[in-house]
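Me: I have a structure open and would like to go through it piece by piece. Can you start with the words I need?

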Amino acid sequence: MTNEQYQEAIDWLFVQMPNYQIDGQKAYKPGLDNITKLCAFFGNPQDKIKCIHIGGTNGKGSSSNMLASVLQEAGYKTGLYNSPHLIDFTERIKVNGKNCDKEFVFDFIQKLKTIPEDIRPSFFEFTTIMAFEYFYQQQVDFAIIEVGLGGRLDSTNIITPLISAITNVQLDHQNILGDTIEEIAAEKAGIIKNQVPIISGDENDSVKHIIREKAIKENAPFTDATLIHTTLTSDLKGNYQKKNIRVVLAAVEELRKLNISISDEALENGLLHVHKNTGFIGRWFEFSQNPLTICDTGHNQAGLEYVFSQLNSIDRHKHVILGFVNDKKIDEVMNLLPENSEFYFAKPSVNRGRHPEDYENLLREAKIFYKIFDSVQEAYLAAKERCTNEEMIFIGGSNFVVGDFLEKNLEIKE
């Protein structure tokens, strides 16, 4: 297999099974019927591995990577399934921090052509079974599975894990999950299984109540991670990571109850070496010091509130590069923009990326200093030219903005 053949296979996968649909939600297929048939076709590899299930609106990626790092430090071969990827498709499926083998991905995509007509999986369903099969073939000790969207009807919900966690519940994907926090919480709580310990990291009393009630119904031991006090820190530097650390600590405690050996040293070192152990980037990721350049994938209202609040705490003039996708409510973002900043709005390169000209009326109304660019890289180069070493650059607003930036600049830096 050549690199060209691999890329052709990936391109074909995206064409056959679009990750996102511009018109409607055709790329999202709620329900477990399809994934059940798909897993059966491949021999149900998800039943042959020990899984840990992590859901939530924000923080599930950080929490799952922290926990993976801890398990690796404890000496376990650890699979990790995250989405979306920032640069390369293989980032979604990792074992001990190493991206999935491209040869395996290529071969598995070929098997797609042999799937019965009546299954017709979505992109996420196919990548989910790909992860299960890879982890089974790699004989991992544990596989940490991040929920894709929601929980109850998400294709990852086919697993029966050792433990589950819900980091938090915020407004996001309302067109699919519900209009209120409570409706979304009920969807997220759908990952709670009979007698499987569940950890809740949300401070909202109504969310806690919904998760706790579902736990009682399923006879599932419930842990409120917000009650944990700790001085442990992580190399993931966003202020919001303190909440995710508590979820990880609760998860480790539940795993210890299952006689899984995790020393305090492994816990501490795992939290401190997430970047090195799992290759996780994009969450308050410090790209450079001169000038200080930070990127963060926070993209919904709650995520951006945390990120912009931390930006406001930095006493520097800021050059802020932002971009959004078509379903983003831009007016909500305008009310959150960081202070002491000039803005560079750009279109993410994905098909559903929204060009800033579409919402320029909102930019004018916000009375901010801004410029518009056709690409994230153009915006970054313009910001870099204007930014002094006493100032800083921030890149965010969408996973795809951060992905565009890192794809163009990470290799140059390295």
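Reply: Two strands pair if DSSP finds at least two bridges between them. Helices (H or I, at least four residues) and strands (E, at least two) are DSSP runs, numbered from the N terminus. This is a predicted model, where local features need pLDDT of at least 70, side-chain atom pairs count only at pLDDT 80 or more, and totals for chains, interfaces and linings use all residues. Residues are numbered from 1 along each chain as its sequence is written, and side-chain values use heavy atoms, with hydrogens and water left out.

Me: OK. In what order do the eight strands of the open sheet come?

Reply: The order is 4-3-2-5-1-6-7-8, with mixed pairing. Strand 4 (98–99) and strand 8 (222–224) are at the edges with a single partner strand each, so one side of each has no neighbour in the sheet.

Me: How do strand 1 and strand 6 pair?

Reply: Strand 1 and strand 6 (residues 163–166) pair in the parallel sense over four bridges. Ile54 stands opposite Ala165 in strand 6.

Me: And strand 1 with strand 5?

Reply: Strand 1 (residues 51–55) pairs with strand 5 in the parallel sense, over four bridges. There, Ile52 is opposite Ile144 in strand 5.

Me: How many residues of strand 1 are buried?

Reply: Five of the five are buried, so strand 1 is largely enclosed by the rest of the structure. Buried means under 20% relative accessible area, exposed over 50%, and partly exposed in between (1.4 Å probe, protein chains only). Cys51, His53 and Gly55 are buried on one side of strand 1, and Ile52 and Ile54 on the other.

Me: Which strands does helix 5 lie across?

Reply: Helix 5 lies across strand 2, strand 3, strand 4 and strand 5, at about 15° to strand 3. The angle is between N-to-C directions, from 0 to 180 degrees, using axes that are lines fitted to C-alpha atoms, for helices over the stretch in contact. Contact means heavy atoms within 4.5 Å. Helix 3 (residues 60–73) lies across strand 1, strand 2 (78–81) and strand 5, and runs at about 170° to strand 5.

Me: New topic. How many residues are in the largest nonpolar core?

Reply: It has 37 residues, and Phe126, Met130 and Phe135 have the most contacts inside it. Helix 5 gives the most to this core, with nine residues. A nonpolar core is a set of buried Ala, Val, Leu, Ile, Met, Phe, Trp, Tyr and Cys residues joined through side-chain atoms within 4.5 Å.

Me: Last one, where is Lys384?

Reply: Lys384 is in helix 15 (residues 376–386). Lys384 is partly exposed, with a relative accessible area of 44%.
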